[in-house]
Amino acid sequence: MTDHIKHSTTYIGIAFLLLLCSIAQAGTIKVCPTCPEKSVSKAVANAKAGDKILVDGGVYKENTIEINKPVSLIGINNPVLDGQYKGEILTIRSSHVFVKGFTFRNVEVSYLSDFAAIRVAEASHVKIINNKVQDAFFGIYLQRADSCVVQGNRVKGNGKTETSAGNAIHLWYCNAITVKDNKVSGHRDGIYFEFATNSHIENNLSQNNLRYGLHFMFSDGNVYKHNTFRQNGAGVAVMYTKNILMENNLFENNWGAAAYGLLLKDISRSVIRNNTFKRNTTGIYLEGSSKLDVEQNDFLNNGWAIRLLANCTEDTFRLNNFIANSFDVATNGNVMLNQFSGNHWDKYHGYDINKDQVGDVPYRPVSLYSMLVERVPSSVMFMRSFIVNLMDRIEKVIPSVIPEQLVDASPSMKKISYDRDKKSV
Amino acid sequence: MIEIKNLCKSYGKLKVLQDVSVKFERGMVVSVIGPNGSGKTTMSKCILGMALPDSGDILLNGKSVLKQHDYRSQIGYMPQIGRYPENMKIRQVISMMKDIRKEVKQLDEELVGLYGLEQMYDKRMGTLSGGTKQKVSAALAFMFNPGILILDEPTAGLDPISAEILKSKILKEKKKGKLILITSHIMSEIEEVADEVMCLVDGNLKFFESISAIKEHANEERLSKAIAKIMNEED
Amino acid sequence: MKTIIKHVLYDILRSRIVLAYTVFMLVLAFGLFNLEGDPAKSLLSLLNVVLLVVPLISIVFATTHFYNSYEFMELLMAQPVNRKKIFLSEYLAVALSLSAAYVVGIGVPVLLYGANATALFLLAVGVGITFVFVALAFLASVVTRDKAKGIGVALLLWVYFALIYDGIVIFILYFFSEYPLEKASLAMIALNPIDLGRIVVMLNLDVSALMGYTGALYKSMFGSGTGVAISFGILLLWVLFPLLTSKRIFSKKDI
């Protein structure tokens with residue numbers, strides 16, 4: 001028994017000694033154009049685990065810097081790492097690496113390799129904080145990473161075509177990543193997730209990307225909060241995923257023949273709440289999606305607020321505001337297995353005799369004309385014409401074409417208010 | 001002055017003028033007569049370009065008037081039934097015509113004065129009687145001193161005094177060497193003012209002779225009888 | 001020609017119908033702007049009404065005016081004035097006075113409630129449509145001698161362009177929806193001045209994205225600036241064709 005305690009004490013003592021040693025050894029390496037050490041990659045190569053490398057302002061024309069031990073790489077006075085369009089700049093292959101305060105620029109565009117400004121490969125607990133990435137093929141690329149943080153970075157691409165541009169923040173087979181406070185623009189996709197699970201995406205701004213502001217697939221259990229997706233070529237597209245939460249995001253000005261505020265394809269068991277969809281060609285497009293709760297969102301000035309294909313089932317649309325959309329809801333079939341209730345529709349012309357703020361007449365958000373447009377797209381040219389108004393009026397009185405089940409039986413007379421700016425904890 | 005050559009005009013199937021050729025000279029007062037529907041008014045309208053001939057030509061001083069319009073400055077026209085914009089006042093009609101014919105400096109406003117039109121200047125055309133409208137038409141026809149006057153049944157709706165005023169005006173203008181074409185049914189009136197008579201029947205020119213020649217030809221003292229005789233002879 | 005236009009304008013102003021039209025437009029526009037909080041939305045509602053009312057008023061007023069001006073034209077035709085000039089003066093006077101009424105009636109409220117490019121397009125389209133429908137009215141008037149018949153033809157033309165034509169096109173699009181009809185449908189749009197006017201305003205509201213491939217086609221075919229120019233060019237053809245046809249008929253007509 002005592003023997004055992006003795007042993008334990010010895011172990012603790014040894015561990016303590018080792019720790020002391022490592023602290024004593026954790027040195028600081030300075031890099032600057034006038035320092036003895038002028039090269040970041042040499043400094044990295046010479047550093048020991050736990051070292052801190054401080055890089056002072058200046059332009060460092062270096063590429064293919066590889067970190068394979070837990071070090072901190074800290075930029076002071078905004079040092080620039082210029083990749084000179086030759087391969088990647090920084091590759092992190094070790095866990096517990098910390099990178100902060102750099103500007104990365106000029107990463108080679110290749111059709112063979114996905115060159116990135118910063119790559120994290122098969123590592124965990126890496127933090128990439130407050131860097132700038134300019135004119136890179138891929139910006140920040142995480143593959144098989146776990147528990148990493150990508151925060152406060154600004155990734156600005158120069159992409160011209162979808163094939164010659166990579167993604168700003170790219171995650172592949174990752175888990176528990178935090179992507180927070182980043183601003184990304186000018187890339188193919190702003191934020192791209194493939195097989196990335198249990199992650200938090202918060203307070204990011206993704207705009208003016210060539211394709212999608214946010215694009216993910218097979219990425220279950222993620223939380224998206226307070227992000228803004230603006231003016232992306234095709235808006236936001238998410239596919240083949242379940243258990244996601246999208247809250248307090250803003251989708252706006254995703255305008256174009258093939259642009260969507262939010263395109264959902266084969267998404268299930270997810271919640272879309274308190275978001276604002278403003279001036280998108282299509283607010284939300286749902287295809288093959290089921291068991292979604294779409295509630296308390298604002299749909300403002302969209303072409304179509306919601307396009308709900310007939311292969312969606314058990315989706316509920318509750319307490320949303322539909323204001324100034326050209327079409328509130330469009331669908332392509334005449335079967336409807338989804339539910340609308342308690343939404344506010346600005347096109348609602350019913351009455352409320354008992355003053356309970358619930359309209360006494362059900363509202364049919366699909367118009368005959370929107371059915372026609374769904375079937376014959378070119379008939380959209382007749383939008384706002386006399387004949388279309390006439391057709392819709394007649395259909396309202398004698399419904400014959402629009403799906404009977406697609407109805408909001410308890411439309412709200414007043415705009416529904418909720419705390420949209422509530423910050424997430 | 002005016003030469004009509006082989007003029008043909010039909011309204012649909014109805015042939016109103018058939019191959020009419022005639023020549024009017026300066027200083028002539030020609031009375032165009034004929035039964036109703038014989039083509040008198042149509043001929044006037046053809047000269048004025050209001051009706052377009054099917055074939056034939058109309059020459060004014062040797063030049064064709066077809067598809068032209070400037071020549072009308074030489075013609076004063078008084079229609080059978082004057083039609084005017086109903087909500088215009090007499091003053092407005094007259095001042096508008098003056099405005100359109102600005103180039104004419106020497107206006108002949110004698111008839112305006114003689115008919116006392118100034119006193120009625122603020123009446124709307126729509127409220128006027130047929131006779132008063134005729135007075136306005138007459139005043140307008142003479143106003144711009146044209147070398148040719150085409151008067152379509154000028155005295156038809158006028159009271160005797162006004163008719164007298166018009167007749168003396170016609171004679172006065174005749175003395176100035178103008179060509180005057182009058183369509184009329186009133187033989188006494190024709191005898192009073194005209195020298196020549198042109199007779200149309202069913203769109204054909206029946207005859208075109210001086211009054212004295214007609215009387216001589218028919219051996220009758222009175223023009224009406226002479227004409228009736230000639231008409232019967234032909235049948 | 002100026003003199004004649006001046007006198008026709010006097011005549012039109014005397015009838016006060018144009019004044020009533022101006023007031024109607026003012027009331028309509030102010031009403032819509034006050035009812036609707038969002039000026040952009042009221043502009044759209046205004047577009048709806050304008051595309052219905054402007055052709056109707058233009059064609060009916062112009063037809064009636066033409067028949068009522070028969071005496072006036074007759075009077076002028078005995079004067080040394082070119083018939084074509086008389087006709088064109090009548091046309092210009094009617095089209096200009098109606099356009100002026102429209103521009104004042106819609107333009108003043110629009111200026112007060114925030115003018116933008118769309119509003120300008122709405123104004124331009126309205127003026128274009130006025131010119132087109134006055135020309136159509138004159139055509140209807142010269143081919144029929146009888147006033148009642150002429151107004152009947154004019155109303156038929158209006159119903160046709162405002163309603164029937166669109167119905168037929170939607171029918172065609174629906175029944176041939178398997179075929180690529182985008183280009184054909186654009187041609188069909190050009191065959192109706194009201195549709196054309198609506199599309200011009202809609203494209204400038206940036207609704208083209210809603211039009212999917214058709215809208216993209218429209219935009220790519222015409223581009224933004226030239227597209228508008230081409231649309232107005234087609235509207236101009238819509239003015240010239242009926243106007244010149246009716247002018248030719250009129251100058252060969254017996255009075």
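**Note on the chain contacts in a predicted model**

1. Between chain A and chain C, two residue pairs are in polar contact, both residues at pLDDT 80 or more. Salt bridges between these chains number zero. Keep in mind that the model is predicted.

2. Which elements of chain A supply the side that touches chain C? Those giving two or more residues are α3 (368–375) and α4 of chain A. The largest share comes from α4(A), with six residues. By class, this side of chain A holds 16 nonpolar, eight polar and four charged residues.

3. Now the extent of the A–C contact. Chain A puts in 28 residues and chain C puts in 29 residues. The two chains bury about 2600 Å² between them. Of that area, 72% lies on carbon and sulfur atoms. On the chain A side, M381(A), F382(A) and R384(A) lose the most area to chain C. Together these residues account for 29% of what that side buries.

4. Next, chain B and chain C. Here 27 residues of chain B are in contact with 23 residues of chain C. The buried area is about 2400 Å², with 56% of it on carbon and sulfur atoms.

5. How many salt bridges cross the interface of chain B and chain C? The rule finds four. In one salt bridge, the side chain of E74(C) meets that of R83(B), with 2.9 Å from N to O. Polar contacts between chain B and chain C come to eleven residue pairs, both residues at pLDDT 80 or more.

6. On the side of chain B that touches chain C, the elements giving two or more residues are β1 (2–11), α1 (40–48) and α2 (90–100). The most comes from α2(B), with six residues. This side of chain B divides into 13 nonpolar, five polar and nine charged residues.

7. How do the chain pairs stand overall? Two pairs of chains are in contact, and chains A and C share the most contacts. Chain A and chain B do not touch. Their nearest C-alpha atoms are 37 Å apart.

8. Last, a helix pair inside chain B. Helix α4 (residues 130–143) and helix α5 (residues 160–175) pack at an angle of about 10 degrees, with axes 12 Å apart. Angles under 35 degrees count as roughly parallel, which makes α4(B) roughly parallel to α5(B). In this contact, α4(B) brings K135(B), A138(B) and F142(B). From α5(B) come S162(B), L166(B), K169(B), I170(B) and E173(B). By class, the contact has four nonpolar, one polar and three charged residues.

Technical notes: Residues are numbered from 1 along each chain as its sequence is written. Chains are lettered from A and ligands numbered from 1 in the order in which they are written. This is a predicted model: local features need pLDDT of at least 70, side-chain atom pairs count only at pLDDT 80 or more; totals for chains, interfaces and linings use all residues. Side-chain values use heavy atoms; hydrogens and water are left out. Contact means heavy atoms within 4.5 Å. Buried area is the accessible area (1.4 Å probe) that two parts lose on being put together, summed over both. A polar contact is a pair of N or O atoms within 3.5 Å; within protein, one must be able to donate a hydrogen and the other to accept it, and residues adjacent in sequence count only if both atoms are side-chain atoms. Helices (H or I, at least four residues) and strands (E, at least two) are DSSP runs, numbered from the N terminus. Ala, Val, Leu, Ile, Met, Phe, Trp, Tyr, Cys and Pro count as nonpolar, Asp, Glu, Lys and Arg as charged, and the others, Gly among them, as polar. Axes are lines fitted to C-alpha atoms, for helices over the stretch in contact, and angles run from 0 to 180 degrees between N-to-C directions. Angles under 35 degrees count as roughly parallel, over 145 as roughly antiparallel, 65 to 115 as roughly perpendicular and the rest as oblique.
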